[in-house]
Amino acid sequence: MIIEEEIQQKLIKNYNFLEEKIRIPRARRIYFEFPADKFEGLLEFLMKEILCNMLCTMTGLDAGDTIEVIYHFARKDGIIVNVKISVPKDNPKIKTISNYFPSAEYYEREVIDLLGAEVEGLPEGSRYPLPDGWPDGQYPLRKDWKSDVLEKENK
Amino acid sequence: MIKPGKMLRQVISSAFKKPATTRYPFVKFDMPEFFRGKIKFIPEKCIGCNLCMRDCPSNAINIVKVGDKKFKAEFRLDKCIYCSQCVDSCLKKALETTNEFELAQLDSKNLNIVFHGKPEEDIKTET
Amino acid sequence: MDRVIIPIGPQHPALKEPESFRVTLEGEKIVDVSLRLGYNHRGIEKACESRTFMQNIYLIERVCGICSHSHSTCYIQAVEDLAGTEVPKRALYIRTLVGELERVHSHLLWLGVAGHEIGFDTLFMYSWRDREIVMDLLAKLTGNRVNYGINTIGGVRRDISKEESEEILKAVDILEERTKYYIEVATQEVTLINRLSNVGKLSRADVELLGAVGPVARASGVDMDTRRDDPYAAYSEVSFKVITADNEDVYGRTLVRVGELMESYSIIRQVLKNMPDGPITVRVPRKIPAGEAISRYEAPRGEDVHFVKSNGSDTPERVKLRAPTLANIKAVLKMLKNYNLADLPIIIAAIDPCFSCTDRTISIKKLDTGSTEIVDWKSLREYSIEWYKKRGIRF
Amino acid sequence: MVNSLVYILIFPGFLFLGIAGMFFEYIDRKLYAKFQNRVGPPWFQPFADFVKLLAKENIIPEKAERKMFQVLPFFAMAAIVTSFMYVPVWGTHALFSFNGDVIVVLYLLSIPTLTFFLAGYSSQSLFSMIGAVRTLTQFFAYEVPLFLTILSAALLAGTWSLSEMSVFYNQHHWLWLANLLGFGISIIALLGKLEKVPFDIPEAETEVVGGTFTEYSGKLLAFFRMTIDIEVVVCSALLAAVFLPFGMNLHPAIGFVLFILKVLSVVVLLSLMRSVFARLRIDQMVNFCWKYIAPLSFLQLIINIILRGTIK
């Protein structure tokens, strides 16, 4: 747990509002929340100082009034840094990180399609994973979304 | 060492061997004893706790009470995914897996199997 | 020279699953590729939200047919993390054993597919024949050839007897001999080497930039393996080498995979030798405490990542899975450029793609809105019967 | 008139060649399966495939040139059947022969390849087009060595007629051994001609779906497949007549059995070759043919010129 604590110290040193907010539930797992508007700065800090040079994946979550996006960054030695940002549901705008991690493109498209987030700066491309004829405004992973099939079966 | 036709020797020798293919429909295939195949229900042991119904990932089981401590089980084999979680969940071991795996049917109605607790007359007199 | 765009997929013999590559060709040379994923979206992540933690094991196992143990173990590790379960040692060893057997079967499968993609059908038939040994073994151990269903929250469902472990050791001996033969073939057969080497180059820098994982990364000299970096199950107690190669091409990926097969045999032997006695499962309450957990697993194809969020009830709030293929897909697009059309199948196959892991969506049967008409299975069948009737063919 | 009809329809025309083609296809598939430790198809499988395809609907793409598309399979078949008339079967003499028929046979044999190209081209589908271009590219690579080796055998015999070549080689018993190198080369070239692994590049299914035949279905495909089957017999018979010319002037029945055995040995060689190699890329194939096979066939030519000089 020594390296994890070092990372914690480094993060708190740079962003003192994170004090007491970083959770390390078990070895090699670090979780914290972060304000969305400062995220880009943190990203560079994570890449340069903490050597998180791999993006495991991105998770989109519907948390009631907000949409949460969790970025899972991995280090070479197996430590995962999970950064959660939240944006309001009525204006779900996040900035793309595909200029830092090209592999983020598909994860971001997933968040767009399934949760209705807007990703600024993402290059044009085909949608993923929903079909082209999918109606606008239907976001399957939002909690209030129900497919017709599921409704029928429940009756 | 690079050479063409490395597999030549084995290719020729396998021409004189017995083929590895099992001639399946003509030769019966023995599934291992604990293969997770069709589910068997033993009505005498069932206490109607409905744990299996709750744990089934695909809603394939329906246990109906047909009389005092008597239960009828309906299995939808077309819905079943053969995970046999119900067998694990059952506290009284009223469910068992069999290694029967040839379950294809031409009519989907035949995939609905029902295990009665007692012969039909018994149930009628009781209810 | 004129450029032509040819569609590889959604239906194409080179792809075992529907996925669409649009390839721009200049003669036989590939100059550009664009990709459309999502044909296999089955909505598993959404479906997970309406099932209990227990039921989800079987759902997630069915994300993919080949790496079913990988996905279910990865998910269960996250759930056990949340519940704070101390899984019995013996259960961890059994998980490792099944995981390695699965890796053997997946890599042998890959070897066969790779052989088929370059028109080497004999290799395909031989390696799939040998794969049957592992498949039968898995059926005997777990009760099914593909969806093993060995995992349960808090342990495993079936124990391994003495006779079974002897049987495994015997089978491993046979497989080891066969794998040595395949290594010989891979390093000596001239047509195979000609087709595989210097194809689909991906430099080390590109691997790190594009986030490729698994054998693809290791074949470019990147030394990463979740089994060693983030040990789970019993991997911290067995010794094994992480196989890497510096070829940076499809040939390197082949060598890494057959090398990993040999490592898997050694891991299986160690696991069977050191397997401790004891219980195989502990009871875990149905309701999992609220929280978030992320879990990683080195699937045969690369790193598998699962994220589980619980809200304290018996159903998860969110389950997110990332299969290795999605991480590798950017690298494929990069690898394909400037190679021959003939190399396309093997380059795509070299990442061992599993598109059904990659996509996971909703079965829409009827939605009246939208531009396309979505027809359900029954009316589609009626339509086709009608169509044939008009042409005088009756069923 | 009746004679010609019998020649064309029954022997050695469509019927005989069709049956022989199916028989050798069965042998090839069964052997290929045996080499791969499989069971393989039953004996009637090629015939069943043919009948099944005949019963299927013919689908012609809207964009395709309808006439060309429909005529080509029969055209290819006619060419290949005609060429067989000049190949000696049991005796030293073929049904028809004249001085120069070697060249006619070789050209008639290249017509099916050209029809495959045209078939791909007139289907107007992308995969067919790529397959068609590949067929043609490959054609230029293997055809020269094939021609050279057969012509060098003819050179040694000092005649341009296949029948007279047989007569010559039967008089000079051991001279056919001089052509063994040429036999090897022509087997490799034949793999290219018959589009079999490692040279099945034009119809590599994992790359270009069905190659030239992507758009073909039903009866038309059945006839194309029949053509390929017959091509195997005719090409093997040609190689057997040129490179394995012994025992030609025995009793016709023995000669016929010998002919079948010779063709069989060529077919066995072909299926053995295709089970131990991976498919090459088109550039590798052209390279291989021009770098190794073509010079070797020139060597055979030079050897035969020298031999011819010493015999006289």
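Me: What share of the residues of chain A count as buried?
Reply: Of its 155 residues, 39% count as buried. The model is a predicted one.

Me: And how many helices and strands does chain A have?
Reply: Chain A has four helices and six strands. Along the sequence they follow the pattern α-β-α-β-β-β-β-α-β-α.

Me: What are the spans of the C-alpha trace of chain A along its principal axes?
Reply: The trace of chain A spans about 55 × 35 × 25 Å.

Me: Of the chain A contacts between residues at least 6 apart in sequence, what percentage join residues at least 24 apart?
Reply: That fraction is 48% in chain A.

Me: Turning to chain C, how many residues does helix α4 have?
Reply: Helix α4 of chain C covers residues 89-117 and has 29 residues. From first C-alpha to last it reaches 42 Å, close to the 42 Å expected at 1.5 Å a residue.

Me: Why is α4(C) described as largely enclosed by the rest of the structure?
Reply: Because 27 of the 29 residues of α4(C) are buried.

Me: Which residue just after α4(C) takes a positive phi?
Reply: That residue is C:G119, with a phi of about 75°.

Me: Now the sheets. What is the strand order in the open sheet of three strands in chain C?
Reply: The order is β1-β2-β3, and the pairing is antiparallel. Strands β1 (3-8) and β3 (29-36) of chain C stand at the edges with a single partner strand each, so one side of each is left without a neighbour in the sheet. From one strand to the next, the twist averages 20°.

Me: How many bridges join β2 and β3 in chain C?
Reply: Strand β2 (residues 20-26) of chain C pairs with β3(C) over seven bridges, in the antiparallel sense. Within this pair, C:R22 stands opposite C:S34 in β3(C).

Me: What about β7 and β8 of chain C: in which sense do they pair?
Reply: Strand β7 (residues 302-310) and β8 of chain C pair in the antiparallel sense, over six bridges. Across this pairing, C:V308 stands opposite C:V319 in β8(C).

Me: How many residues lie between β7(C) and β8(C) in the hairpin?
Reply: Five residues lie between the two strands of this hairpin. In the turn, C:G312 has a positive phi of about 95°.

Me: Is β8(C) mostly covered or mostly uncovered?
Reply: Strand β8 of chain C, residues 316-322, is mostly covered, with six of its seven residues buried.

Notes:
Residues are numbered from 1 along each chain as its sequence is written. Chains are lettered from A and ligands numbered from 1 in the order in which they are written. This is a predicted model: local features need pLDDT of at least 70, side-chain atom pairs count only at pLDDT 80 or more; totals for chains, interfaces and linings use all residues. The expected span of a helix is 1.5 Å times one less than its number of residues. A residue is buried if 20 or more other C-beta atoms lie within 10 Å of its own, exposed if 12 or fewer, and partly exposed in between; C-beta atoms are placed from the backbone. Two strands pair if DSSP finds at least two bridges between them. Axes are lines fitted to C-alpha atoms, for helices over the stretch in contact, and angles run from 0 to 180 degrees between N-to-C directions. Two residues are in contact if their C-beta atoms, placed from the backbone, lie within 7 Å.
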